[in-house]
Amino acid sequence: MCGIVGFTGKKPAAPILLEGLARLEYRGYDSAGIAVFKNDKISVKKSCGKLQMLRDLINDGVDFDSTVGIGHTRWATHGKPSDENSHPHRSQSGLFAIVHNGIIENYASLRKTLKKKGYTFLSETDTEVVAHLLEENYTGDFFETVSKTIAMLEGSYALGILCKNNPDEMYAVRKSSPLIVGLSDEGNMVASDIPAILPVTRKICYLNDNEIVHLTADSVEIFDMDKNKIEREVKTVEWDVSAAEKGGYEHFMIKEIMEQPKALRETIAPRIKDGQIHLDGINLTKEQLEKVQRINIIACGSAYHVGVVGKYVIEQMCRIPVFAEIASEFRYADPIIDENSLVIIISQSGETADTLEALRVAKKQGATTLAIVNVVGSSIANEAQHVLYTWAGPEISVATTKAYSTQLALMYLISLDIAQKLGRVDDKYVGKMLSSIEALPEKVEKILKIAPEIEEMAQRYAYLEHAYFLGRNLDYAVALEASLKLKEISYIHSEAYAAGELKHGTISLIETGTFVVGLACTERLVAKTMSNIKEVKARGAEVLLLTCEDYGVHSEEVDHILDIPTTHELLMPSLEVVPLQLLGYYIAKARNCDIDKPRNLAKSVTVE
Ligand code: F6R
C-alpha cells in the first residue's frame with residue numbers, strides 16, 4: 001500500500017526521501033513523488049511507474065538543497081495510476097502540499113463544496129480534497145489550520161503536510177493508518193514504516209490514532225486532537241538497516257524463507273522456560289477461559305490460513321468450538337460474538353483494514369480479544385486487549401513466509417496454554433509438545449537443505465497453467481497456504497481442495513498432465529488422502545506428493561515424492577509448509593516473475 005516519508009533536518013531532504021521511498025517500495029506502489037521547498041515555493045515532482053523514473057526526473061534529488069520535504073509511493077485506490085493522481089498534492093495556490101495514506105470517506109461532499117467555492121481539481125483522488133481544504137481553512141496559523149481541517153475529515157488517514165509560509169516545519173497526522181516518528185541529531189522524520197527511517201536513525205516514537213505531530217530539525221512534539229501536548233517514550237529499533245536488505249540473496253522472499261529457523265527460535269524460546277509456557281502479554285486466567293464457549297480466529301490471506309490450522313489444533317487440544325473466519329466476511333456478517341467469546345486476531349502488519357475492523361467489531365460485542373502481530377506498535381497491537389508478538393523481524397517480501405511460520409508457532413503455544421489451563425491435557429502431554437515445538441527450528445533447517453532439489457524439480461512445473469493442492473484436515477489447511485503462495489508470485493492458476501471434496505465437482509478439471517500436489521503428512525489420514533490421489537492419478541494427473549518417509553507411501557503411486565521429517569501430527573504444518581514455499585518460489589523464479597513485488601499486490605492492505 002501507499003508509503004509516506006517526511007524529513008525536517010540539517011541536510012538536504014530529497015536524497016533522504018528517495019532512500020526512504022526505496023525502502024517502502026516493498027509495500028507495493030504504482031507511482032512516486034516528493035515535495036520540497038525551492039525559491040520560497042513548494043516544488044512538487046512526481047512520476048507514474050517505478051521509483052527510478054522519479055529519480056531520473058529529479059536527478060536523484062541533488063538539485064534541491066531544501067532540508068524539509070515529504071515523499072510518497074502511491075498504490076492506486078481513487079483514480080488510476082497517473083502523474084496527476086500521484087502524491088504529493090498541492091492546494092490551489094500552492095500554499096500547502098500533502099501526502100496521504102488511507103481513504104477520505106467524505107471526500108465527495110467536500111469536493112462538491114470546494115468546487116462551488118472555486119477550487120479546481122487536477123486529480124481524481126480523495127487526497128486533493130484535503131490539500132484544498134487546508135487552504136480554505138487557512139488562518140495564518142499552521143497548527144490551527146491542520147487541526148481545523150482534520151476535524152472535518154472522515155475515514156482513515158496518515159498525512160504529511162507542508163505549508164509554504166513555514167518552510168522549516170512539517171505536520172503529520174495519524175488516524176487508522178500507520179505512521180511513526182524517527183528522531184536524530186541530523187533531523188527528524190515521519191514514515192509509514194520503520195525501514196524508511198533506518199538509514200537516518202533507529203530512535204523512534206510510535207504515534208497512536210488521532211495524534212498530530214509537529215516536526216522541525218530540532219524538535220518533535222506530539223498533540224492530541226484537542227491540541228494537548230502528549231509525552232511519548234522514545235524507543236530503539238532492535239534491528240538495523242541490514243535486516244531490511246537482501247544480504248546477498250536474490251530476493252527478499254528466499255532470504256525470509258531461509259530466516260525461518262532463526263525467526264522460529266526467537267519467537268518460541270522466550271515463551272518456554274523450565275518446561276512451562278510463558279505467554280508474555282497474555283494473562284487469561286483459568287476462570288476467564290472456563291467462560292469461553294467459542295473461539296473465533298479472524299484474519300486475511302495467509303494469516304487466515306494460520307487460523308485454519310488453529311481451528312483443527314485448538315479443537316483437538318481444548319475441545320472448544322473454533323471458527324476460522326476471513327476478516328472481510330466476518331465484519332459484515334452480523335457475527336454471533338459476546339462476552340463468552342475469545343477472538344484471536346492474526347496479522348503480520350497489524351494494519352490490515354478488514355482485520356482491524358473485525359477486531360473492533362469483536363470488542364464492541366464484548367469478546368475478549370487476543371492479537372498475534374509482527375509489527376510492534378501497529379494499530380491491531382494497540383487495540384487488542386492481549387498481544388503476542390511474532391519475533392520474525394521485518395518481512396519485506398509481499399508474499400509472507402516467516403511471519404506465517406511464526407504465527408503458527410504462537411498458535412500452537414496459545415492452544416497448549418488454553419488446554420493446560422482448562423485441564424484438557426496433562427503435564428506429560430504439555431512437556432512432550434513443548435519439546436517438539438522447541439525442536440521445530442532444527443527440523444526446518446534440515447528441510448531447507450533440500451532447496452536445490454526443489455529448485456531442480458520446479459523447472460519442470462514452470463510452464464504449467466493450473467495447479468491443484470489436495471489434502472485433508474491439517475494438510476488441507478497447509479494446502480490453502482501453499483496454493484496461495486504459488487499463485488500470488490508465479491501467476492499460475494492454483495486451487496486448494498479438501499481431498500475428499502474434489503469428486504463433488506472439481507475433479508472434472510483433472511486431465512492428462514494436470515499438476516496436482518498431494519499433501520499426506522497427517523499420519524492418521526494418509527491412506528484416505530492416497531485414495532483421493534489415486535483418483536486423480538487415474539485421470540492422468542501429474543502428482544507431486546509431500547509426505548514423511550515413515551508413512552509408507554510407495555513411490556510408484558505418484559510421479560514425484562518429497563519426504564520431510566516427522567514431528568507431532570498437530571505440528572506437521574510447520575514443517576510441510578516450508579518445501580511448498582520453496583516450490584512456489586522456485587517456480588516463480590523459473591518464470592522470471594517479480595517475486596518480491598507481485599503485480600497488483602501490496603504488503604500492507606490498509607484499505608477495504
Ligand atoms: C500472502 C500474504 C497475505 C497476507 C494478508 C494479511 O502471502 O502475505 O495474504 O497474509 O494480506 O496481512 P497481515 O498479516 O499483514 O494482516
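Modeller: Begin with a definition: a salt bridge is a side-chain nitrogen of Lys or Arg within 4 Å of a carboxyl oxygen of Asp or Glu. The model is a predicted one, where local features need pLDDT of at least 70 and side-chain atom pairs count only at pLDDT 80 or more, while totals for chains, interfaces and linings use all residues. Residues are numbered from 1 along each chain as its sequence is written, and side-chain values use heavy atoms, with hydrogens and water left out.

Colleague: How many salt bridges does the structure hold?

Modeller: Side chains of opposite charge can pair when their charged atoms come close. The structure holds 33 salt bridges. One of them joins Asp218 and Lys10, at 3.1 Å from N to O. Asp218 sits in the loop between strand 12 and strand 13 (220–224), and Lys10 in the loop between strand 1 (3–9) and helix 1 (13–22), so this pair ties together parts that are 208 residues apart in sequence. Helices (H or I, at least four residues) and strands (E, at least two) are DSSP runs, numbered from the N terminus.

Colleague: In what order do the seven strands of the open sheet stand?

Modeller: Strands of a sheet pair through backbone hydrogen bonds, either parallel or antiparallel. Two strands count as paired if DSSP finds at least two bridges between them. Here the order is 5-6-7-8-12-13-14, with antiparallel pairing. Strand 5 (89–90) and strand 14 (229–230) are at the edges with a single partner strand each, so one side of each has no neighbour in the sheet.

Colleague: Which backbone angles deserve a look?

Modeller: Most residues other than glycine have a negative phi, and most peptide bonds are trans. Asn59 has a positive phi near 50° and lies in the loop between helix 2 (51–57) and strand 4. Lys227, in the hairpin of strand 13 and strand 14, has a positive phi near 70°. The peptide bond from His87 to Pro88 is cis, with omega near 0°; Pro88 is in the loop between strand 4 (68–74) and strand 5.

Colleague: How much area is buried between domain 2 and domain 3?

Modeller: The size of an interface is often given as the accessible area lost when the parts come together. Buried area is that loss (1.4 Å probe), summed over both parts. The domain bounds come from an automatic or database domain assignment, which gives domain 1 (3–243), domain 2 (246–438) and domain 3 (448–595). About 2,500 Å² is buried between domain 2 and domain 3, and carbon and sulfur atoms give 68% of it. On the domain 2 side, Met253, His305 and Tyr312 lose the most area to domain 3, together 21% of what that side buries.

Colleague: Which residues form the one salt bridge between these two domains?

Modeller: Lys589 pairs with Glu250, and their closest N and O atoms are 3.4 Å apart.

Definitions and conventions:
Buried area is the accessible area (1.4 Å probe) that two parts lose on being put together, summed over both.
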